[in-house]
Amino acid sequence: MPEVSIVLVEPLYDGNIGFTARVMKNFGFTRLVLVNPCPLGDDAVMRASHARDVLDNARWMTVDEVYREFDFVVATTGEVSKSVCTPMRLPYYTPTEVRETVADIDGTVAILFGRENWGLSNEELKRANLICTIPTSEVYPILNLSHAVGILCYELANLPRGTYPLAGPTEMESLYRHLDAFLDRIDHPDFKRENTMILIHRVLGRTKLTTREVSTLHGLMRRTEWHLENKE
């Protein structure tokens with residue numbers, strides 16, 4: 001089954017970190033990753049309660065390290081794009097849909113949660129394989145950090161065993177670099193480049209490519225490049 005880690009990006013309050021550890025253990029998750037957190041004090045320990053082991057064994061990483069190490073990254077956001085012309089937070093999926101997507105992954109999955117006051121930045125979001133948002137009431141849409149973690153953990157609990165290995169982060173980054181260079185070869189307009197690459201990342205990210213599929217895409221582009229170089 002996929003190995004799911006909960007990643008808190010720059011959490012502001014140690015009580016929320018403790019509550020996160022507690023709700024993770026409630027649903028059988030033990031892999032907690034902290035990115036530049038606030039100092040962990042007595043409040044974190046008290047709120048973690050019997051999940052002190054989750055808190056004590058938390059890994060400290062940077063966002064770049066998360067994207068390098070994990071096979072599949074889901075970024076959560078409360079703010080979603082309203083138009084396909086601004087694809088940074090599109091397309092977005094509910095926690096139930098995230099479960100359906102990651103259930104058959106035989107690899108590592110990171111679920112990113114942003115800061116309590118303003119969430120994840122565009123730079124942190126645009127590299128994600130999948131964007132998740134939790135449907136909430138318009139009357140009061142803001143969720144506490146640990147509550148949001150609890151909803152995702154509930155949905156992802158007791159996932160079935162994965163069936164195939166994914167292409168790893170290094171292989172996917174190589175593919176994205178090749179695609180970026182390919183856009184140069186076909187004279188893709190510079191002013192469209194960033195949005196095009198974001199959309200490519202979104203499409204390929206959620207398809208959960210295997211190593212063989214990545215190799216095939218490289219081959220198709222190399223064959224096209226050969227024809228461009230040798231055209232009469």
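Reader: Which residues line the second largest cavity?

Author: D71, F72, N129, L166, A167, M172, L204, G205, K208 and L209 line the second largest cavity. The model is predicted, local features need pLDDT of at least 70, side-chain atom pairs count only at pLDDT 80 or more, and totals for chains, interfaces and linings use all residues. Residues are numbered from 1 along each chain as its sequence is written, and side-chain values use heavy atoms, with hydrogens and water left out.

Reader: What makes this space a cavity and not a pocket?

Author: On a 1 Å grid over the protein atoms alone, a cavity is a set of points where a 1.4 Å probe fits but cannot get out, whereas a pocket is an open set with protein on both sides within 12 Å along at least five of seven lines; a lining residue has an atom within 4 Å of a point. The second largest cavity holds about 60 Å³ of space, and the structure has two cavities of 30 Å³ or more. A volume is the space filled by probe spheres set on the grid points, which are joined across faces, edges and corners.

Reader: How are the lining residues of the second largest cavity divided by class?

Author: Six are nonpolar, two polar and two charged. Nonpolar means Ala, Val, Leu, Ile, Met, Phe, Trp, Tyr, Cys and Pro, charged means Asp, Glu, Lys and Arg, and the others, Gly among them, are polar.

Reader: What lines the largest cavity, and which helix gives the most to its lining?

Author: The largest cavity has a volume of about 120 Å³. Y67, F70, D71, V73, R127, N129, P169, M172, E173, Y176 and H201 line the largest cavity. Helix 8 (residues 169-185) gives the most, with four residues. By class, the lining of the largest cavity has six nonpolar, two polar and three charged residues.

Reader: What makes up the lining of the second largest pocket?

Author: The second largest pocket holds about 230 Å³ of space. Its lining consists of K126, R127, E173, Y176, R177, D180, E194, M197, I198 and H201. Helix 8 and helix 9 (193-207) are the elements that give two or more residues to this lining. Six of the lining residues are charged, three nonpolar and one polar.

Reader: How do helix 8 and helix 9 pack?

Author: Their axes are 11 Å apart, at an angle of about 140°. Axes are lines fitted to C-alpha atoms, for helices over the stretch in contact, and angles run from 0 to 180 degrees between N-to-C directions. The crossing of helix 8 and helix 9 is right-handed. Helix 8 brings M172, L175, Y176, L179, D180, L183 and D184 to the contact, and helix 9 brings R193, T196, M197, I200, H201, L204 and G205. Contact means heavy atoms within 4.5 Å. Eight residues of this contact are nonpolar, three polar and three charged.

Reader: Why are helix 1 and helix 7 called roughly parallel?

Author: The axes of helix 1 (residues 14-26) and helix 7 come within 8 Å and cross at roughly 15°. Angles under 35 degrees count as roughly parallel, over 145 as roughly antiparallel, 65 to 115 as roughly perpendicular and the rest as oblique. Helix 1 and helix 7 are therefore roughly parallel to each other. N16, F19, T20, V23 and M24 in helix 1 meet L145, S146, V149, G150 and C153 in helix 7. That contact has six nonpolar, four polar and no charged residues.

Reader: Why is helix 5 called oblique to helix 7?

Author: The axes of helix 5 (residues 95-102) and helix 7 (residues 145-156) come within 9 Å and cross at roughly 45°. That angle makes helix 5 oblique to helix 7. Helix 5 meets I151, L152, E155 and L156 of helix 7 through P95, T96, V98, R99 and V102. Six of the contact residues are nonpolar, one is polar and two are charged.

Technical notes: A crossing is left-handed if the near helix is turned anticlockwise from the far one by less than a right angle, and right-handed if clockwise.
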